[in-house]
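Here's a quick briefing to read alongside the model. Have the sequence and the 3D view open as you go.

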Amino acid sequence: MAKNYIQAGATIPLKNAGSEDVLSGDPVVVGSMIAVAITDIAAGGMGDGFAEGGFLLPKLPADAVTAGAKVYLKAGNVQLDETDAVLAGVAWEDAAAGVTVLEVKING
């Protein structure tokens, strides 16, 4: 094993710098990527997030998304518009306008 090996990269530490709790399953921006909180993280606390995998995430209801499209996280929702947003990953399914959740392969 390489002496500088840390981990497989499937998780990342998360610091909740906000004033509200981060709930398990919430998408969280980490620099230029996202993570999904594994457990609840109290305001000011630390926890871990998944940095890879497929997750059901809140979707901007106005967007109609096609499987394979890049989606971006902004204000807690994945959406097609990348303006002032962070790349969340790739849509893993089609989702019509009006649908409020989307299967996303994060950071993919």
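Burial first: a residue is called buried under 20% relative accessible area, exposed over 50%, and partly exposed in between, using a 1.4 Å probe and protein chains only. This is a predicted model, so local features need pLDDT of at least 70 and side-chain atom pairs count only at pLDDT 80 or more, while totals for chains, interfaces and linings use all residues. Residues are numbered from 1 along each chain as its sequence is written, and side-chain values use heavy atoms, with hydrogens and water left out.

**Nonpolar cores**
- A nonpolar core here is a set of buried Ala, Val, Leu, Ile, Met, Phe, Trp, Tyr and Cys residues joined through side-chain atoms within 4.5 Å.
- The largest one has 15 residues, and Ile34, Leu57, Val71, Val78, Leu102, Val104 and Ile106 touch the most other members.
- At least two residues of this core come from each of β3 (33-37), β5 (53-58), β6 (70-74), β8 (86-91) and β9 (101-106); strands are DSSP runs of E, at least two residues long, numbered from the N terminus.
- There's also a second, separate core of 6 residues, with Val22, Val28, Ala35 and Ile41 among them.
- In soluble globular proteins, nonpolar side chains tend to be buried together.
- Skipping neighbours within four places in sequence, Val71 has contacts that include Val78, Leu80, Val86, Leu102 and Val104, where contact means heavy atoms within 4.5 Å.

**Asn16, a buried loop residue**
- Asn16 sits in the loop between β1 (11-15) and β2 (27-30), and is buried at 6% relative accessible area.
- The Asn16 side chain reaches the backbone nitrogen of Gly18 at 2.9 Å and the backbone oxygen of Ile41 at 3.0 Å.
- Not counting residues up to four places away in sequence, Asn16 touches Asp21, Val22, Ile41, Ala42, Ala43, Gly44 and Gly45.

**Positive phi without glycine**
- Asp84, in the loop between β7 (77-79) and β8, has a positive phi of about 55° although it isn't a glycine.
- Asp84 counts as exposed because its relative accessibility is 70%.
- Asn107, in the segment after β9, also isn't a glycine and has a positive phi of about 55°.
- Asn107 is partly exposed, at 30% relative accessible area.

**Aromatics**
- Rings of Phe, Tyr and Trp (its six-membered ring) pair if their centres lie within 6.5 Å; planes under 30 degrees apart are stacked, over 60 edge-to-face, and the rest tilted.
- That rule gives 1 aromatic pair: Phe50 and Phe55, tilted, at 5.6 Å centre to centre with 35° between the planes.
- Phe50 is partly exposed at 31% relative accessibility, whereas Phe55 is buried at 19%.

Conventions:
Helices (H or I, at least four residues) and strands (E, at least two) are DSSP runs, numbered from the N terminus. A polar contact is a pair of N or O atoms within 3.5 Å; within protein, one must be able to donate a hydrogen and the other to accept it, and residues adjacent in sequence count only if both atoms are side-chain atoms.
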